[in-house]
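Have the sequence and the 3D view open, try each task by yourself, and then walk through the worked solution.

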Amino acid sequence: MAPSTSLLLSFFILFSPLFSASSSEEIENTPLTITLPLTATFTSKPSMDPMLFLQELASASKARAHLLKYGKTSPLVKSPIYPIVYGGHTISLGFGTPPQKLSYLVDTGSHVVWAPCTTHYRCINCSFSAKEVPLFKPQLSTSLKTLNCKNPRCTSECPRCKGNPKNCPQICPFDVQYGTGAESGYYLSEDLHFPEKTFYNFLVGCATSGFREISTFAMGGFGRSMFSLPVQMGVKKFAYCLKSHYFDNTRNSSNLIFDYRDGDTKGLSYTPFLKNPPDYPIYYYLVVKKLMLGNKILPISSKYLAPGSNGAGGLVIDSGFAYGYMAGPVFKIVTNELKKQMYKYKRSREVEEMYGFTPCYNFTGRKIEIPDLIYHFTGGATMVVPGNRYFRFIPQIGFGCFPVTTDAAKTLEFTPGPSLILGNYMQVNHYIEFDLKNDRLGFRQQTC
């Protein structure tokens, strides 16, 4: 999920002690790893029409891609992680004393940790009633501290301070926008509890209002920012292995690992993160050397595969994005080749016109064979995405479609922002490691 907010800062201050949730002495007492269950859990009941439901997913993904591209421009901890209806995953976190457990979306494309925090929470044009939203209740916590604008940890714009935040009593506000909606509220300093460790003075947003949200879950931002969950925890890396989406509220979980150890992880291939362009400071940028479909190298210009200084081009890996995105020219090359290699299957132009996906095929009574989509990254790392991980099948009606979103109407334009977004659907059954200490992504294919 891709936010645009006044809180975006350059990554060079990422590890500033000023924003650390724990002291160096506390870090020394942290376990080597912390592991949490990571669960696919759904935000709402899927549409009775499976194709309409996929259309809703694609629409949400396209909105997120648009904002990402055009917005302002010893320790290991494991936690279960769960998939959600529009393609996300959640972990359970306990803020406050005593801890209040809520489910937080794991989102490497955003950078703020927040939860709805008041019975007066309102959400305008949202897909749910505000009464359905699980709340963090500050009044029940003995460790709660409010954060005002004169606190050096507050980097928000404080309109009532009139340029003089040092003597301003205003509570530090937060305001973050996503592709599908927005949240606003104020910052709190709270304690975050794990069985292995408690992190004190953690900066967390208290959301008082939302707009056009599609999920009742709280948000766990994992992006490249001092506000993000892993950075405030002081981890050297974090990793997950995502299970498949069934879009039916199945509570199948894998693990999210917070790791305080340095060095290589056995069996992983690595590719470096790039220095972020100024207008895109929180995303995990990668360079694609070449893209293949089956044995065919696709004739995609390097300007789309590697980002320029303005952030145009390259690939962003995003756990909060369902199916992914391809810029118009890239999408056209990929789908043209896909059509060539899928010639033996019957195209369903009626389904394509009705639901907005392309290409779509009728697989009724046929053995399904779809070529691998292969990403060759700088540094020699190669990610193979099997056909069943980038093609979406609807067994109820015998059809399957290529659900990656695009701005295909702008096929002749070189638009700002990344040309490729690798969504979590393509990451399924890969162990994915975000090595913050060494600025690199590691991965290997495995059953999650």
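This is a predicted model: local features need pLDDT of at least 70, side-chain atom pairs count only at pLDDT 80 or more; totals for chains, interfaces and linings use all residues.

**Exercise 1. A disulfide and its surroundings**

Which cysteine does a disulfide join to Cys149?

Step 1. Look for a sulfur atom within 2.5 Å of the one in Cys149. The partner is Cys158, with an S to S distance of 2.0 Å.

Step 2. Turn to the torsion about the S-S bond. For Cys149 and Cys158 it is -100°, and the link is left-handed.

Step 3. Check the accessibility of each end, with under 20% relative accessible area as the cut-off for buried. Cys149 has 4% and is therefore buried. Cys158, at 13%, is buried as well.

**Exercise 2. Links across the sequence**

How many disulfides does the count come to?

*Solution.* Step 1. The count comes to 6 disulfides.

Step 1. Take Cys117, which is joined to Cys206 with an S to S distance of 1.6 Å. The torsion about their S-S bond is about 75°, so this disulfide is right-handed. Cys117 sits in the loop between β6 (113-116) and β7 (122-124), while Cys206 belongs to strand β11 (residues 198-211), so the pair ties together parts that are 89 residues apart in sequence. Cys117 is buried at a relative accessible area of 7%, and Cys206 is buried at 1%.

Step 2. Now go to Cys241, which forms a disulfide with Cys448, the sulfur atoms being 1.8 Å apart. Here the angle about the S-S bond is -75°, and the link is left-handed. Cys241 is part of strand β13 (residues 237-241) and Cys448 lies in the segment after β30 (440-445), so parts 207 residues apart in sequence are tied together. With a relative accessible area of 8%, Cys241 is buried, whereas Cys448 is partly exposed at 22%.

**Exercise 3. The partners of strand β5**

Which strands pair with β5 in the antiparallel and the parallel sense?

*Solution.* Step 1. Recall that strands of a sheet pair through backbone hydrogen bonds, either parallel or antiparallel.

Step 1. Strand β4 (residues 89-95) is the antiparallel partner of β5, with 6 bridges. The two strands form a hairpin that has 4 residues between them, and Gly96 in the turn has a positive phi of about 95°.

Step 2. Strand β12 (residues 218-221) runs parallel to β5, and 4 bridges join them.

Step 3. Leu105 in β5 stands opposite Thr90. In β12, the bridge partner of Leu105 is Met219.

Step 4. Finally, consider cover. Strand β5 (residues 100-107) has 6 buried residues out of 8, making it mostly covered.

**Exercise 4. Reading a strand order**

What is the order of the strands in the open sheet of 4 strands that holds β22?

*Solution.* Step 1. The order is β21-β22-β26-β25, and the pairing is antiparallel.

Step 1. β21 (346-347) and β25 (392-394) each have a single partner strand, so they stand at the edges, and one side of each is left without a neighbour in the sheet.

Step 2. Look at β22 (residues 360-362) and β26 (residues 399-401), which pair over 3 bridges. Tyr361 has Gly400 in β26 as its bridge partner.

**Exercise 5. Cores and confidence**

Which residues of the largest nonpolar core touch the most other members, and where does pLDDT stay under 50 with 13 contacts beyond four places in sequence?

*Solution.* Step 1. The largest core has 73 residues, and those that touch the most other members are Leu229, Met233, Phe258, Met326, Tyr375, Tyr390 and Phe434. A second, separate core of 26 residues includes Cys154, Tyr178, Phe217 and Met219.

Step 1. For the whole chain, 60% of the 448 residues count as buried.

Step 2. The mean pLDDT is 82, and 78% of the residues reach 70 or more. The stretch with 13 such contacts is residues 43-48. Residues 72-76 also stay under 50, and the model gives them 29 contacts beyond four places in sequence.

Note on methods:
Residues are numbered from 1 along each chain as its sequence is written. Side-chain values use heavy atoms; hydrogens and water are left out. Buried means under 20% relative accessible area, exposed over 50%, partly exposed in between (1.4 Å probe, protein chains only). pLDDT is the predictor's confidence in each residue, from 0 to 100. Contact means heavy atoms within 4.5 Å. A nonpolar core is a set of buried Ala, Val, Leu, Ile, Met, Phe, Trp, Tyr and Cys residues joined through side-chain atoms within 4.5 Å. Two strands pair if DSSP finds at least two bridges between them.
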